[in-house]
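Morning, everyone. I have one structure to walk through today.

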Amino acid sequence: MPDVPTLPPCTAGDWDDARRRRRLRDSRTGHSWVRFGRLRRFVARTAIAIVPFVALYTQYWHFDVAPMREQLADTQPRIHQIYEARDRDDRDTAVVDLVGLGNLDATDTASHLPALSGLGEVWAVEYDNSGLDTAVVSRLIAARAETLGIDSVILTGHSMGGIIALEVAQHLYQDTPLDVLGVILDCTPIDLHAVRADSRDAGEDLLRWIGWIPGARESRIMRMTVEIAARQHRFVLPSDRWYRRIDGSELIDVVEEVLNDKILSTDAASNGLIESQFQAIVASGASDSLRALAAEQDDKVRPAIVFVRPRNASNDHVVDVEYTQQALVDHSGGVDGTLLVAKLDHTGHANPIQAPEAYNDAIIKRIEPFIDLRPGENDEDDTGSVPPSGPSAGP
């Protein structure tokens, strides 16, 4: 047998943890880096650690953000013809319908309001899904009106769409030869203070996400997260312990609802459009628009302002309609005012699709006569002068 070298017996020091840690430290990557060694090792480890996150972000951008960005780049605002004017004499007037926060196309809403045809041709605006520019919308309306021989317009805005309607009306009133006969505001928040806390928080959360996360304006994942979070009151339940319980079946219902209505639907507004819509509320430009519409402009008749709201203010869970009504009275009411307040029974927040009979009845009995008679200004009632409480639309 070959000679086997004899090794000295192991001692306790050979198994000492300090010795092993010292050996590991002396053999690790970058052990020989002396100049800025600690910083260089930190950078190297960080670079290795973020590789999975970079790979995940690349997939997020490639499969979620980039396709939506390309799709949204091809969108543009459009106007859809809904109804012809009921009376031949009104064919030189167009009633333009605009929807509110989170909605893209007013076609379905306008289709439920055939009574608007008593005022003129009924058009519905489909927004540019990549964002919102009221100047672009006003130019689109003015160009179509010129093509079709329309001389006057009436703007109708539902919820936040009323703020857009006011801005568009201001553009048309000041910058075009069109006569703006009136602006109908359906449960419109005159500024951010008129939006109830829960809805205001949901909008601010969306703006926060969009500001923090690259690609969030186009991301469907981010949209789905925010929409589910906004509905958490439906599936997050109180508990006796420090944590809250999750109702699994209700959570599944919420996820399916968001997927069908907000993600997979071709009529859903994009994050970028919602951001633009909510920023219009934050900017509080409605007061400036109301002042502009109340001022004399050449020989034009001052536009009538109609505020449609539930008779019971608590039925509107999104907007404080009492606050908005008082603000409108301050801007457009008074002895020489141009304001009509129409209170509807059994309605909620800007829901003509759910309560078409109440809306159409109010249009026929109150709004149409008010707008038709306003230019004559024959008496106090025709001028739209209302007390702070406002007249109602029903008995």
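Keep in mind that this is a predicted model. I'll start with helix H8, which covers residues 220–230. Several of its residues are buried: Met222, Arg223, Val226, Glu227 and Ile228.

Now look at how H8 begins. What does a side-chain oxygen of Ser219 reach at the start of H8? The backbone nitrogen of Ile221, to within 3.2 Å. Ser219 itself sits in the loop between helix H7, residues 197–212, and H8. Is Ser219 buried or exposed? Its relative accessibility is 1%, so Ser219 counts as buried; the cut-off for buried is under 20%. The Ser219 side chain has another partner. It makes a polar contact with the side chain of Asp64, at 2.6 Å.

Which residues form a positive surface patch? Arg19, Arg21, Arg22, Arg23 and Arg25. Take Arg21 from that group. Arg21 is in helix H1, residues 17–27. With 51% relative accessibility, Arg21 counts as exposed, because exposed means over 50%.

Next, a nonpolar surface patch. Phe36, Leu39, Phe42 and Val43 make this one, and its area is about 440 Å². Phe42 belongs to helix H2, residues 37–49. Its relative accessibility is 53%, so Phe42 counts as exposed too.

To recap. Ser219 is buried and contacts Asp64 through its side chain. Phe42 is exposed and is part of the nonpolar patch. Thanks, I'll take questions.

Definitions and conventions. Residues are numbered from 1 along each chain as its sequence is written. This is a predicted model: local features need pLDDT of at least 70, side-chain atom pairs count only at pLDDT 80 or more; totals for chains, interfaces and linings use all residues. Side-chain values use heavy atoms; hydrogens and water are left out. Patches are made of residues with over 30% relative accessible area and no salt bridge: like charges are joined within 9 Å, nonpolar side chains (Val, Leu, Ile, Met, Phe, Trp, Tyr) within 5 Å. Accessible areas come from the Shrake-Rupley method with a 1.4 Å probe; for residues, only the protein chains shown count as cover. A salt bridge is a side-chain nitrogen of Lys or Arg within 4 Å of a carboxyl oxygen of Asp or Glu. Lys and Arg count as positive and Asp and Glu as negative; His and the chain ends are not counted. The place of a charge is taken as NZ of Lys, CZ of Arg, CG of Asp or CD of Glu. Helices (H or I, at least four residues) and strands (E, at least two) are DSSP runs, numbered from the N terminus. Buried means under 20% relative accessible area, exposed over 50%, partly exposed in between (1.4 Å probe, protein chains only). A polar contact is a pair of N or O atoms within 3.5 Å; within protein, one must be able to donate a hydrogen and the other to accept it, and residues adjacent in sequence count only if both atoms are side-chain atoms.
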